Amino acid sequence: MAAPVLAQPLLLGMMRLLEYPELGEPQALLGFIERCVERGLNGFDHADIYASGQCEAYFGAALRQAPGLRQRLQIIGKADIVPAGQDCSRWRVKHYDSSAGYLRRAVDDSLARLGVERLDGFLLHRPDPLLQVDEVAE
């Protein structure tokens, strides 16, 4: 079986979404997303750490305004960076966690914030020298 291919290789990164006050309301963001799709840009890049998940939540709120739009989008997620503020160890340092458990939680949390049933792709942010390939492939 061939691996799925992104129909649209260009993705619009949502990292700085909250820096655009004109897109702060779900209806305004929905209009922006619809204009992107009309012009052929239907791929959107998200990550659990973008504004601590708030970029995904805003995007999801916009999608809930037009549920049929989801089928026209390609939503890509990313995870594996743990910001210092979320590090539960005594060191409280930014690090990478590519463990299966962490990635599963990250995907589940992203799906919930986005209000979608699946991601069209999922990436690890950075190479992790401690990555266990078999565990991640799970």
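Is arginine 16 buried, partly exposed or exposed, and what is its relative accessibility? Arginine 16 counts as partly exposed, at 45% relative accessibility. Here buried means under 20% relative accessible area, exposed means over 50%, and partly exposed lies in between (1.4 Å probe, protein chains only).

The model is predicted: local features need pLDDT of at least 70, side-chain atom pairs count only at pLDDT 80 or more, and totals for chains, interfaces and linings use all residues. Residues are numbered from 1 along each chain as its sequence is written, and side-chain values use heavy atoms, with hydrogens and water left out.

The structure contains five salt bridges. A salt bridge is a side-chain nitrogen of Lys or Arg within 4 Å of a carboxyl oxygen of Asp or Glu. Glutamate 19 is exposed, with a relative accessible area of 53%.

Another salt bridge pairs aspartate 120 with arginine 70, and their closest N and O atoms are 3.0 Å apart. Aspartate 120 sits in the loop between α3 (100–114) and β6 (121–124), and arginine 70 in the loop between α2 (54–63) and β3 (74–79), so the pair ties together parts 50 residues apart in sequence. Helices (H or I, at least four residues) and strands (E, at least two) are DSSP runs, numbered from the N terminus. Arginine 70 is buried, at 14% relative accessibility. Aspartate 120 is partly exposed, at 26%.

Aspartate 120 also meets arginine 118 in a salt bridge (2.1 Å, N to O). Arginine 118 is partly exposed, with a relative accessible area of 47%.
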